Amino acid sequence: MLGIVAAVLFFCAFLINAADISTNDVFSSTNVTLLGLTALALHVAGVGAGWARRR
């Protein structure tokens with residue numbers, strides 16, 4: 001799930017950068033990219049993978 005969130009954040013960062021949309025400092029393309037990288041790192045680390053039944 002976090003991989004999908006990261007992909008959406010990367011796409012939003014691309015649109016902000018490509019369309020040259022002026023946003024405030026919080027939603028700049030760099031900050032959105034960093035949020036995407038954080039979500040991707042959590043996905044790779046296994047956070048949010050769901051419940052696994054252990055035997």
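These are my notebook entries on what I looked up in this predicted model.

**Ground rules.** I keep in mind that the model is predicted, that local features need pLDDT of at least 70 and side-chain atom pairs count only at pLDDT 80 or more, while totals for chains, interfaces and linings use all residues. I number residues from 1 along each chain as its sequence is written, and I note that side-chain values use heavy atoms, with hydrogens and water left out.

**Overall composition.** I looked up the secondary structure and found two helices and zero strands in the protein, where helices (H or I, at least four residues) and strands (E, at least two) are DSSP runs numbered from the N terminus. For the surface, I noted an accessible area of about 4,600 Å², with 66% of it belonging to carbon and sulfur atoms; such areas come from the Shrake-Rupley method with a 1.4 Å probe, and for residues only the protein chains shown count as cover. Of the 55 residues, 11% are buried, taking buried as under 20% relative accessible area, exposed as over 50% and partly exposed as in between (1.4 Å probe, protein chains only).

**The helix pair.** I then turned to α1 (2–18) and α2 (residues 29–45), which pack at an angle of about 165 degrees with their axes 8 Å apart. That angle makes α1 roughly antiparallel to α2, since angles under 35 degrees count as roughly parallel, over 145 as roughly antiparallel, 65 to 115 as roughly perpendicular and the rest as oblique. The axes are lines fitted to C-alpha atoms, for helices over the stretch in contact, and angles run from 0 to 180 degrees between N-to-C directions.

S28 lies in the loop between α1 and α2, and I list S28 as partly exposed because its relative accessibility is 23%. Its C-alpha atom is separated by 8.4 Å from that of N17, 11 residues apart along the chain. A18, placed in helix α1, counts as exposed because its relative accessibility is 54%; the C-alpha atoms of A18 and S29, 11 residues apart along the chain, are separated by 9.6 Å.

**The chain after α2.** G46 sits in the segment after α2 and is partly exposed, because its relative accessibility is 41%. I also recorded 9.3 Å between the C-alpha atoms of G46 and L2, which are 44 residues apart along the chain.

**The start of the chain.** M1 belongs to the segment before α1 and counts as exposed because its relative accessibility is 68%.
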